[in-house]
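Please open the model in your viewer and keep the sequence panel beside it. The stops below say what to select next and what is to be found there.

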Amino acid sequence: MSVRVGILGATGAVGQRFIQLLESHPTFELAAVTASPSSAGLSYREAAKWRVDTPIPDDVAEMEVVATEPDAIADADVDLLFSSLPSDVAAEVEPPFLEAGYVVSSNSSNDRMAADVPLTIPEINPEHLGLIDVQRDERGWDGALVKNPNCSTITMVPTLAALDEFGLETVHVSTLQAVSGAGYSGVTSMEILDNAIPHIGGEEDKMETESRKLLGSFDGAELDLHDADVAASCNRIPTLDGHLENVFAELTDDPDPAAVREAMRAFESADLPSSPDPLIKVFGPDEPDRPQPRLDRTYADGMGIVAGGVEATTNGIQYNCLAHNTIRGAAGASILNGELLVEEGYV
């Protein structure tokens, strides 16, 4: 089965990562690429300042970039759209596509916490796709909007889901986030070299709210947030890719580190092309200095989560986790959600 897809905002950093990941995808066939009006009418090669570490696929290089409007892709016969637009742009641009009947798997942050919008990680909460029916009733459109979480949230939540069997009560997390998470021009070299920036605007709130929604329960009509109290401190450091996070979790039970490592290793992946098995790679006590961004961000082609440094504390468990922020944390997450949409019959 081949599913024709398009990318909204295809020339940016995340859009380029979408193109790289879709090149060899077993199901998705890229049929349309959109960008700003200044790029419309150009070939993709002309419109995009390509920065990904593999060449532009030849067929994509010669594709015509079109405006980010439903009428512009009407002839492309697209079944599914991936959105990599800035959130302020996406808030204006995505609704017309949804009203036109398109299914959109979006990496943009707008509407992630909306009560009728699924915020999904397929291995964690696939049942939340049921919110699409609520969304269509509430908003009166035939399309469907699904979001993936923030890149820092998606690094931590799979490990928290594995710990939830022990009674997850409180989470404190401090992140060490790569510069690519800010976009190519987001942090200048003079700001970040020989430095660390102990603030990323809006990031703490995203981690604290999105994680509770992802771990929440859906009864078929409404979604209840998880009861855990989550507090985050987010920091930018001079690594290129890979968000490393230090997590402190307080649990109702009192599992030892070996039980925690086993719970993470045993956590199930999804039966989808882009979901790795195992989802979480866990380093043992003999390698306390792992994971590290340079060594471990490409686990499972960048789609996996890596954990280590698991230790008991006076109040629970401490550990580190890592994921590739522009693959698992952005384009790859949207593609995985697209696979879930196909699997569940929404596409």
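Predicted model: local features only at pLDDT ≥ 70, side-chain atom pairs only at ≥ 80, totals over all residues.

Which side chain meets that of R139 in a salt bridge? Select R139 together with D111: their side chains form a salt bridge, with N and O 3.8 Å apart, the term meaning a side-chain nitrogen of Lys or Arg within 4 Å of a carboxyl oxygen of Asp or Glu. The pair joins distant parts of the chain, since R139 belongs to helix 5 and D111 to the loop between strand 5 and helix 5, 28 residues apart; helices (H or I, at least four residues) and strands (E, at least two) are DSSP runs, numbered from the N terminus.

Residues are numbered from 1 along each chain as its sequence is written, and side-chain values use heavy atoms, with hydrogens and water left out.

**The two domains**

Next, colour domain 1 (3-148 + 330-344) and domain 2 (152-323) separately; these bounds come from an automatic or database domain assignment. Their centres, taken over C-alpha atoms, are separated by 25 Å. At the boundary, 27 residues of domain 1 are in contact with 29 residues of domain 2, contact meaning heavy atoms within 4.5 Å. The buried area is about 2,300 Å², with 72% given by carbon and sulfur atoms; buried area here is the accessible area (1.4 Å probe) that two parts lose on being put together, summed over both.

Now select R112 and E210, whose side chains meet in a salt bridge at 3.1 Å, N to O. On the side of domain 1 that touches domain 2, helix 5 (131-139) and helix 11 (327-343) are the elements that give two or more residues, and helix 11 gives the most, with 7 residues.

**Two loop residues**

Select E123, in the loop between strand 5 (103-106) and helix 5. E123 is buried, with a relative accessible area of 8%, where buried means under 20%, exposed over 50%, and partly exposed in between (1.4 Å probe, protein chains only). The side chain of E123 makes a polar contact with the side chain of S275 at 2.7 Å; such a contact is a pair of N or O atoms within 3.5 Å, and within protein one must be able to donate a hydrogen and the other to accept it, while residues adjacent in sequence count only if both atoms are side-chain atoms. Leaving aside residues up to four places away in sequence, E123 touches several others, including F267, P276, R328 and L336.

Then go to H25, in the loop between helix 1 (13-22) and strand 2 (28-35). H25 counts as buried at 12% relative accessibility, and its side chain reaches the backbone nitrogen of T27 at 3.0 Å. Beyond residues up to four places away in sequence, H25 touches S274, I335 and E339.

**A last pair**

Finally, select R45 and E62, which form a salt bridge with the closest N and O atoms 3.2 Å apart. R45 is in helix 2 (residues 44-47), and E62 in the loop between helix 3 (58-61) and strand 3 (65-67). R45 is partly exposed at 44% relative accessible area, whereas E62 counts as exposed at 53%.
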